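Good morning, everyone, and thank you for making time for this.

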Amino acid sequence: PPTPVPLKDPDDWSPYRNRIEFEAAEFAFKQCHMSARNLDFLCDLMAATLAKHHDTPPFADHKDLHNVIDATQLGDVPWQCFSVQYSGERPEVVPPWMDNEFEVWYRDPRAMAHNIIANPNYKDEIDYAPFREYDASDDTRRWKDFMSRDWAWQQADTILQDPETQGSALVPIILGSDKTTVSVGTGNNEYYPLYASIGNIRNNVRRAHRDALVIIGFLAIPKTDRSHSKDDSFRIFRRQLFHSSLSAILSSLKPFMTTHEVVRCGDGHFRRVIYSLGPYIADYEEQLVLSCVVKHWCPKCIAVRTNLDGGGIYRSREHTDFLINELHADILWDEFGLIGDLVPFTNDFPRADIHELLSFDLLHQLIKGAFKDHLVDWVAKYLKAVHGTKQSEEIMSNIDRRIAAVASFSGLRRFPQGCDFKQWTGDDSKALMKVFLPAIEGHVPQDMVRAFRALLEFCYLVQRNVITEDTMIQIQDALYRFHHYRKIFNTVVPTFSLPRQHSMTHYVDMIRLFGAPNGLCSSITESKHIKAVKEPWRWSNRHNALGQMLVTNQRLDKLAASCVDFDARGMLTGTILSSALAALGKSV
């Protein structure tokens with residue numbers, strides 16, 4: 001077992017000398033992130049003030065501050081790098097991408113999992129064993145946090161059957177990835193972050209920006225010139241690079257998926273744990289890459305792409321492998337929507353099926369997808385088809401005036417200029433959902449209003465923190481009514497076989513498998529982009545920015561780990577001024 005953590009002295013602020021030094025570092029680097037020039041000026045200002053008292057400031061300059069943060073051992077998981085290059089057959093005229101090396105930066109996911117498990121802040125908000133939750137009043141099932149779901153229960157049953165893993169706590173590794181652009185107007189500034197969390201942490205913690213979701217990698221984004229960008233060989237390489245990178249990054253977890261290891265937990269106890277790959281948070285485009293499925297097909301089931309809601313059995317690793325071994329690549333593509341040349345990264349790990357592990361995505365499937373990109377746009381198309389361009393614009397202007405006239409109220413956002421936005425965010429779409437229904441009343445047929453109502457009911461039901469069996473019935477009823485009333489749009493929509501709307505049919509089964517959807521939404525990873533990617537990029541000097549972003553993330557993690565440690569030892573009670581005066585025997 002690991003060596004127990006030695007007890008520290010109550011006044012041990014190492015590597016800082018005292019509380020003032022630690023809080024100065026956190027304020028300057030984390031809260032304000034002062035530039036080197038401003039930080040040097042502040043240090044000089046403090047030094048000039050303290051010179052007459054024969055004292056010195058907490059830090060001599062920005063280099064001194066950075067050196068002290070870097071000396072922190074807590075939360076220290078260093079960045080590593082590996083390079084990948086094409087190694088297959090080469091044509092006579094070799095495209096440039098075949099000679100390029102693509103770097104992947106990552107941190108050990110096992111070490112990051114250790115840090116999350118050992119964090120004392122989570123000791124009362126973590127579940128080490130799967131469980132099933134029932135309502136005591138009527139003995140009905142409830143779904144909430146991840147470990148209350150059927151997937152965790154099934155994994156625990158599998159672990160129990162193996163003598164090597166029997167009695168170990170299950171630690172599901174939740175993953176998420178999504179490309180993000182850090183600047184719109186200054187060129188090719190795109191990054192591909194990879195995030196990880198553990199399923200034992202409860203949903204409210206994962207959603208609350210409490211460092212339960214951590215960045216563990218920056219994946220490579222292969223690019224080539226326009227003449228080769230659509231080559232099949234380049235597309236296959238780009239996707240297989242993604243899977244090979246994930247497999248390499250997660251390789252440190254693999255030995256401990258079949259043999260337990262002992263780790264220290266936040267409550268001070270040591271436990272045997274077994275890791276499993278858990279749900280993967282991704283939008284539809286990312287799910288296609290992960291599942292090696294063709295666009296317009298469902299990555300969860302084999303429903304035909306021209307009639308997705310017509311039904312089909314769920315995809316599985318065994319079924320996919322059988323089809324690839326038995327059928328020609330063209331049949332796989334045309335009849336099953338599979339790309340036979342690719343191997344999902346989950347095939348390298350035990351008890352992992354990428355089709356099962358793909359999570360729901362409230363943000364892109366429902367809020368920005370079915371609501372904003374589909375129904376809201378369909379209303380404008382319907383009005384134009386029925387009333388003509390001029391009159392439809394007048395009606396849309398009246399709808400905008402209704403939206404703008406919404407009174408100020410807690411929980412409601414005002415749209416002073418209506419909903420004619422050039423670029424929509426997830427928050428914009430969430431706010432519009434609350435006011436759009438009454439705005440279109442009287443301008444569109446009643447069945448159209450009913451379609452909106454059914455969709456909104458579905459969205460708000462699946463967003464609940466706790467989902468009961470009664471809620472499940474309501475979700476199914478709302479879905480049935482939505483499918484019935486959306487037919488009113490068939491005059492302006494060529495097909496309702498849309499993957500994001502089709503995903504709604506899987507929500508009930510996925511809730512039983514993974515629990516309340518709000519604990520696995522891509523809005524969690526998108527908000528993490530700000531702290532882990534966009535702000536570190538803005539703080540860089542833009543030259544070789546990635547290296548600076550890696551260091552920034554590492555320093556932020558060390559500051560957060562130090563803060564948790566000092567707080568757990570009761571060293572951060574009161575304000576910095578009150579603690580300083582108390583040390584001098586004075587009162588505020």
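This is a predicted model: local features need pLDDT of at least 70, side-chain atom pairs count only at pLDDT 80 or more; totals for chains, interfaces and linings use all residues.

Let me start with a question: is Arg271 buried, partly exposed or exposed? Arg271 has a relative accessible area of 22% and is therefore partly exposed, where buried means under 20% relative accessible area, exposed means over 50%, and partly exposed lies in between, with a 1.4 Å probe and protein chains only.

Residues are numbered from 1 along each chain as its sequence is written, and side-chain values use heavy atoms, with hydrogens and water left out.

Arg271 forms a salt bridge with Asp267, the closest N and O atoms being 2.9 Å apart; the term stands for a side-chain nitrogen of Lys or Arg within 4 Å of a carboxyl oxygen of Asp or Glu. Asp267 is partly exposed as well, because its relative accessible area is 31%. Across the whole structure, a search finds 25 salt bridges. One of them joins Asp150 to Arg141, again with the closest N and O atoms 2.9 Å apart, and here both Asp150 and Arg141 are buried. In another, the side chains of Arg142 and Glu133 meet at 3.2 Å, N to O. There is also a network of salt bridges that links Arg453, Glu457, Asp477 and Arg481.

Let me turn to the cysteines. How many disulfides does the structure hold? The number is 0, a disulfide being a pair of cysteine sulfur atoms within 2.5 Å. Cys301 is in no disulfide, and the nearest cysteine sulfur, that of Cys298, is 3.7 Å away. Cys301 has a relative accessible area of 1%, so this residue is buried.

My last stop is helix H18, residues 507–514; helices here are DSSP runs of H or I with at least four residues, strands are runs of E with at least two, and both are numbered from the N terminus. The helix H18 is mostly covered, since 6 of its 8 residues are buried, and among the buried ones are Tyr507, Met510 and Phe514. After H18 comes Gly515, whose phi is positive, near 90°.
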